[in-house]
Amino acid sequence: MAQVEKRGGLLRKSSASKKPLKEKVVLMYDEIFMTEDPSKCSPRFWEELFLMKVNLEYLEGKLESLDGEELMKIKDNINCLFQHCIQALGEEHPIRVVNALQTLCALIRGVHQKNKSTSGFDIINMLMGFDKAELCMKNLMESLDSLLCAEGSESLKSLCLKLLLCLVTVTDNISQNTMLEYVMINSIFEAILQILSHPPSRREHGYDAVVLLALLVNYRKYESVNPYIVKLSIVDDEATLNGMGLVIAQALSEYNRQYKDKEEEHQSGFFSALTNMVGSMFIADAHEKISVQTNEAILLALYEAVHLNRNFITVLAQSHPEMGLVTTPVSPVPTTPATPLGTTPPSSDVISSVELPLDADVQTSNLLITFLKYSSIVMQDTKDEHRLHSGKLCLIILTCIAEDQYANAFLHDDNMNFRVNLHRMPMRHRKKAADKNLPCRPLVCAVLDLMVEFIVTHMMKEFPMDLYVRCIQVVHKLLCYQKKCRVRLHYTWRELWSALINLLKFLMSNETVLLAKHNIFTLALMIVNLFNMFITYGDTFLPTPSSYDELYYEIIRMHQSFDNLYSMVLRLSTNAGQWKEAASKVTHALVNIRAIINHFNPKIESYAAVNHISQLSEEQVLEVVRANYDTLTLKLQDGLDQYERYSEQHKEAAFFKELVRSISTNVRRNLAFHTLSQEVLLKEFSTIS
């Protein structure tokens, strides 16, 4: 018997001796693309259609090949097909339901492909007809809701979520997707929550459910009342919130694991041997090659949960075993095409490892630790646009956390100590810290470490000004909490002070280049005011009196940097240029730092002269400082412990619109044909009962 090949809807004998035959479903599609009603000649046409295996490629391709005018001629048949798809979703036979879901995917995508400005037709009218649209979409959403909430097939639920993701992402700008109005009216919010609260369905569908929710929350969020925002903000069910947290933690943890694996692979390979031979001159290049696709979709979901729902904050501290240390057999995952914003879900096997009982020998972790590790990786390299967006989103999430009273309570809790192994950028002048030497500390120390790490590693030509401002704001908000609640944190504050002074030095040495692009005085003022916070209120939150002495020592030791900054801002504030006002604010803010330098420096010089010492030790300088506090006069500065609370709508709307557009494009790209494949589905429904 001659071998039969199938391609593009054709059944072709390999001998090519006869004319190729079209498969039955393709012939039926061709009938739909005629102007006549296909059920006129064959009354069982629609019943038979949904028993045929869908040929997605042919159906979408056919829709794409028609121009707008040709499509309008067959509008009635497309409306009819759409309505029969929705009717088939209520059928008892699962194969019909599967075929209807897949046909809907092809229809929605195919018709949207044609909706270019030249086509001049309305999507809703083309798919359903204006007069029937409301009822059609109500029935569609109710059927999807029933399928998602039913006890039935997991593959069907998966396909329902794929259809919904397809529906949401057919346009780059989801707020221009008019079909989503019906998804707002006929909410599937409760169905999504049910998936997240039920462990088996969460393991199977949690990732798609969380991404879908994050996208729906962003539909016209600034123009109208979005019911998904309202509902997400009041969820208080522990199982649901924990479920959402587990899905996010698993996705971020999988990213961290992949990065670590690549890093180890990199270090153990040929490059490592080469580096050992020729020294560390190539270390930065080696680092740049370690690249794992970032996951903005899951990061957006975390942001929306933290930003909108106060109850979700408790989930951040919910303990689970360190995912990287739990060993479970992982089955091979189908490879997916690499894309700029990796939104393909990690292996579902990893999620089950999250929910194992806690083991006393295993380092426990939580969503916040996993997120901090993720942030420490993506914030290392901000040259790439997607990583820059990721880094910004990480800092926005940290801003929301740093403003929250409850989050601060567990961040600073002395009874909740963790070892947080952040990724540190390889740099020539410092050794890589050994993981074993990490101390167990309150989580706020890891947040501060992350901020310090960012400050010291991004002083470069392409200066990420916006990220630096956010970074300093996070530190400031944490200090405000410590001052208000008199929390004396045992932290190596000197590392922060040193990083801030080095940043000021960088701003001054690159003044001309940076001023061409940024108002560096905003950042300089924030840095100076952080020092003012320590000077004015340090006695209420620094751990010991000696810490306060060390602060003064650091200011005196680095007085040249503060003197240079004063000269620079004085020069610009006395000119009538564009920076006059911004520079003069820094001049006023430096008053106490200059008072400290001018008060102690002569006394230190006098002490050195009297005791005939050319260079004083740190202890000798501290001795002079302690002896002369009483005669120091400082001015009281207002508003140091005040800050403007984070506001998305007024300041971040443009960023989130662009981010959601990017995520939408990527999710659509990842909903490729293979993700809608029938192979798995047909195994489940091998017979029609």
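**Salt bridges and a buried helix**

Biologist: Is Glu652 buried or exposed?
Modeller: The cut-offs first: buried is under 20% relative accessible area, exposed is over 50%, and partly exposed is in between (1.4 Å probe, protein chains only). At a relative accessible area of 7%, Glu652 is buried.

Biologist: What pLDDT do local features need here?
Modeller: Residues are numbered from 1 along each chain as its sequence is written, and side-chain values use heavy atoms, with hydrogens and water left out. This is a predicted model in which totals for chains, interfaces and linings use all residues, side-chain atom pairs count only at pLDDT 80 or more, and local features need pLDDT of at least 70.

Biologist: Which residue meets Glu652 in a salt bridge at 3.1 Å, N to O?
Modeller: A salt bridge here is a side-chain nitrogen of Lys or Arg within 4 Å of a carboxyl oxygen of Asp or Glu. The side chain that Glu652 meets at 3.1 Å, N to O, is that of Arg470.

Biologist: How many residues apart in sequence are Glu652 and Arg470?
Modeller: Helices are DSSP runs of H or I, at least four residues, numbered from the N terminus. Their side chains meet in that salt bridge. Glu652 sits in the loop between helix 33 (648-651) and helix 34 (653-670), while Arg470 is in helix 24 (residues 465-485), so the parts tied together are apart by 182 residues.

Biologist: Which residues are linked with Arg470 and Glu652 in a network of salt bridges?
Modeller: Arg470 is itself buried, with a relative accessible area of 8%. The network links Arg470 and Glu652 with Lys392 and Asp466.

Biologist: Arg494 forms a salt bridge with Glu554; what is the relative accessibility of Glu554?
Modeller: The closest N and O atoms of Arg494 and Glu554 are 3.4 Å apart. This pair links distant parts of the chain, with Arg494 in helix 25 (residues 493-509) and Glu554 in helix 28 (residues 545-557), 60 residues apart. Arg494 counts as partly exposed at 27%, whereas Glu554 counts as buried at 2%.

Notes. Helices (H or I, at least four residues) and strands (E, at least two) are DSSP runs, numbered from the N terminus.
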